[in-house]
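Open the model in your viewer and keep the selection tool at hand. The stops below follow one after another, each with something to select.

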Amino acid sequence: MQKHRRFFLFTTLLGICVFSYHVFLYFGPSLKTRPAFVKRLSSGAIHSRFDDFRRDWFRQHRARVDWKSILKPCINNTQWGLVKKYWGRENRSSARTSQVVYTDIRPAGEFSKIFIQSKTADNRTKLIGGDSWRVHLHGPSSLGATVFDHENGTYEILFLIMEPGNYQVIIYLDFSLCDGLKEPPADWFIKGNSQGKEQEEGILGPLDQYLLQPFNEGKHFNIRIPVATVNTRFIDKLQYNAKSCTQSCNHLWDGFGRWTNKTWRPYLDEYYGWSLAEGYRRKGTLCVYGDSLGVSLGRSMQSRALCKTLYERCITSYNWIYPISKGRRKENDDLDFRPELVIENIHKGLIRNLIHSLKKGEENKMNHRAKIIWKTTTSIHREYFEKKNVTSRRFITAKRIALFSAFATSAMCNAGFDVIDVYPISDAYPNGALDHVHYNPRVFWDLETLLEKYKTQNNEKLDDNKWKRLKRCIG
């Protein structure tokens, strides 16, 4: 009897030790040392999770061009001064009372989701959309999230994290009740200067629509991203599942990725190396046409191989609405916006430089043709302005810029132009902008290197076979 009791005690202790060992391996402090056998998933589970990944990948990319979905929650509710029934100030959302009602945090390399339920300041649950939530995540990497308005008071925050670890989720409510998409009054441009800017303070009446409210009064909201639980990256499998693409865009750069240790890492790996063919001669004109963001990019390119080695000539055309002349930025007039002048000035700039290139080509017996690339605008930081609700800046909102960018990019994609989307890379940059819209030039250095490589390949991406179909597929 004594021997049986001892044997029973011994086997019990042994079982406890083995069980504890496996528990430690799974829940222990070092996530990287978890053995593979505790992470094994069935083929059906892996297939289901890949389907989730595929669906969310294209949802995120389609959101960059789907201007109709951005506008849909506020359709017929963007007119300045219009207050529809149930859309009064008393029904504004509050970041203090709104709640996270559901989280779906997946391992690294898979899309995660957070759902917010908007509520009013007096804690009433909202059943309508129209809020402007802004979300960023900081941890082992930094990125911006895509927010979907489900038009019922709930908002889905979608993001793809590749590096496991602890992350802080930073959430702000900028506008509510479609105030982030309100259009200026019909005479707004006339009341500004010749460029339609610098309207007189107070002409819109009292302004309090820009909320800039931190979620949960700014208290930290943290999540933990587990290590990947599959051996093959879903991104690598995705390239074989883009054959049935129904909507495409000639993306030279889709801008999606994350910042880690001050380094930009796109989701679709990019090789930036390039070399010159023997006997290469500088040729062509690089013309950057745009506002101050274009000027900043053009200035940075002047110090790079693009303008020092590859192109014969680099010029920048500075415009706001119309071309900017030194000392004439703030001239006043009583004229409305004239789109024909914008088109005329674009034609003048492009044709003038095209003629220059053609003449050089005639002299050198080379054939030249213009190549047009559309570059989107950057993410804005309206919160950097000293005063929140200033009349002349009332309609500079992240939501309106997202709408314009989606509409313009969609049009350029449909027209077959090459597209460079810099919004995601700037939105993800952890140090933010230098002011409300301009960034340190180093943010776009990889882009400039990509353009150098593009030029050496006769304005084609010749070595992009692995990701070519996937980069272009947006739906």
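Two strands count as paired if DSSP finds at least two bridges between them. Helices (H or I, at least four residues) and strands (E, at least two) are DSSP runs, numbered from the N terminus. This is a predicted model, in which local features need pLDDT of at least 70 and side-chain atom pairs count only at pLDDT 80 or more, while totals for chains, interfaces and linings use all residues. Residues are numbered from 1 along each chain as its sequence is written, and side-chain values use heavy atoms, with hydrogens and water left out.

Stop 1: Select residues 257-260, strand β11, and residues 263-266, strand β12. The two strands run antiparallel and are joined by 4 bridges. R258 has R265 of β12 as its bridge partner. Between the strands lie 2 residues, and N261 takes a positive phi near 50°. Now look along β11: G257 and W259 point one way, R258 and T260 the other, and all are buried. Buried means under 20% relative accessible area, exposed over 50%, and partly exposed in between (1.4 Å probe, protein chains only).

**Stop 2: the cores.** A nonpolar core is a set of buried Ala, Val, Leu, Ile, Met, Phe, Trp, Tyr and Cys residues joined through side-chain atoms within 4.5 Å. Select W57, L137, F159 and I171, which have the most contacts inside the largest core, a set of 67 residues. Strand β6 (residues 154-161) gives the most to this core, with 6 residues. Next, centre on I171. Contact means heavy atoms within 4.5 Å; leaving aside neighbours within four places in sequence, the contacts of I171 include I116, W133, I157 and F221. A second, separate core has 10 residues, among them I70, L71, L177 and C178.

**Stop 3: the cysteines.** A disulfide is a pair of cysteine sulfur atoms within 2.5 Å, and by this rule there are 3. Select C74 and C178, whose sulfur atoms are 2.1 Å apart. Both are buried. C74 lies in the loop between α3 and β1 and C178 in the loop between β7 and β8, so this pair ties together parts 104 residues apart in sequence.

Move to C249 and C413, joined S to S at 1.9 Å. C413 sits in helix α8 (residues 398-415).

The pair C307 and C314 has sulfur atoms 2.2 Å apart, and the torsion about the S-S bond is about -105°, so the disulfide is left-handed.

Which cysteine sulfur is closest to that of C287? The one in C314, at 9.8 Å, too far for a bond.
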